[in-house]
Amino acid sequence: MKRCFWCNEKNPLYVKYHDEEWGKARFDDDYLFEMLLLESFQAGLSWECVLNKRESFRQAFDGFDKSRVASYGEEKILYLRDNKDIIRNERKIRASVRNAQIFTDIVGEYGSFYNYLRLFWDGKTVYENDKTTSSLSDSISADLKKRGMSFRRRPMRQYFFKK
């Protein structure tokens with residue numbers, strides 16, 4: 001199989017991610033929330049670094065349950081900040097709680113996060129390779145930021161557009 005230049009073929013987690021997830025259309029809120037949370041921690045780091053900690057994040061963030069994350073209080077935030085198995089940036093942890101609240105609000109408003117994302121394009125498959133931004137991704141990111149989300153490096157485009 002031909003893989004993208006960025007895929008570290010020496011890392012089985014990265015290869016599995018590339019082969020089984022990257023560029024595959026996924027529309028379910030649980031997966032989209034997981035990716036949003038993980039990407040919130042990526043800011044300033046490599047995706048590979050975050051991916052290597054994915055299972056630890058899954059455990060620490062209650063299986064990426066958006067309702068539970070949205071309800072985290074100070075005690076849980078401090079617990080996460082002290083968890084050596086995840087990225088312990090307190091600003092990113094607090095942002096992930098706020099982002100979960102906003103994600104939940106969007107789902108309530110539009111029925112699903114995917115329905116919200118569909119507002120930004122005409123439903124046709126978009127093929128983008130080796131790009132980290134586009135006018136579409138910038139529009140989605142601007143709207144998420146306007147709603148109060150933070151630590152968005154890239155929008156969710158790679159999870160619902162094909163490569």
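How many helices and how many strands does the chain have? The chain has ten helices and zero strands. This is a predicted model. From the N terminus on, the order of elements reads α-α-α-α-α-α-α-α-α-α. The chain has 163 residues, and 47% of them are buried. Of the contacts between residues at least 6 apart in sequence, 65% join residues at least 24 apart.

**Helix H1**

- Helix H1 covers residues 12–20.
- The buried residues of H1 are Tyr14, Val15, Tyr17, His18 and Asp19.
- In an α-helix there are 3.6 residues a turn, so residues three or four places apart point the same way.
- At the start of H1, Asn11 has a side-chain oxygen within 2.9 Å of the backbone nitrogen of Leu13.

**Helices H6 and H7**

- Helix H6 takes in residues 74–81 and helix H7 residues 90–110.
- The two helices pack with their axes 9 Å apart, at an angle of about 135 degrees.
- H6 and H7 are therefore oblique to each other, because an angle over 145 degrees would be needed to count as roughly antiparallel.
- The crossing of H6 past H7 is right-handed.
- On the H6 side, the contact is made by Glu74, Ile77, Leu80 and Arg81.
- On the H7 side, the contact is made by Glu90, Ile93, Arg94 and Val97.
- The residues of this contact comprise four nonpolar and four charged ones, with no polar residues.

**Arg81**

- Arg81 lies in helix H6 and belongs to the contact with H7.
- With a relative accessible area of 30%, Arg81 is partly exposed, because this value falls between the 20% limit for buried and the 50% limit for exposed.
- Apart from neighbours within four places in sequence, Arg81 is in contact with Arg88, Glu90 and Ile93.
- Arg81 and Lys92 are eleven residues apart in sequence, and their C-alpha atoms are 9.5 Å apart in space.

**The loop between H4 and H5**

- Asp62 sits in the loop between helix H4 (54–60) and helix H5 (66–70), and Phe64 is also found in the loop between H4 and H5.
- Asp62 has a phi near 50 degrees, which is a positive value in a residue other than glycine.
- Phe64 also has a positive phi without being glycine, with a value near 60 degrees.
- Asp62 counts as partly exposed, at 23% relative accessibility, whereas Phe64 is buried, with a relative accessible area of 3%.

Methods:
Residues numbered from 1 in each chain as written. Predicted model: local features only at pLDDT ≥ 70, side-chain atom pairs only at ≥ 80, totals over all residues. Heavy atoms only, no water. Buried < 20%, exposed > 50% of the residue type's maximum accessible area, 1.4 Å probe, protein only. Helix = DSSP H or I, 4+ residues; strand = E, 2+ residues; numbered from the N terminus. Polar contact = N/O pair within 3.5 Å; in protein donor to acceptor, adjacent residues only side chain to side chain. Axes fitted to C-alpha atoms, helices over the stretch in contact; angles between N-to-C directions. Parallel < 35°, antiparallel > 145°, perpendicular 65-115°, else oblique. Left-handed = near helix turned anticlockwise from the far one by under 90°. Contact = heavy atoms within 4.5 Å. Nonpolar A, V, L, I, M, F, W, Y, C, P; charged D, E, K, R; others polar.
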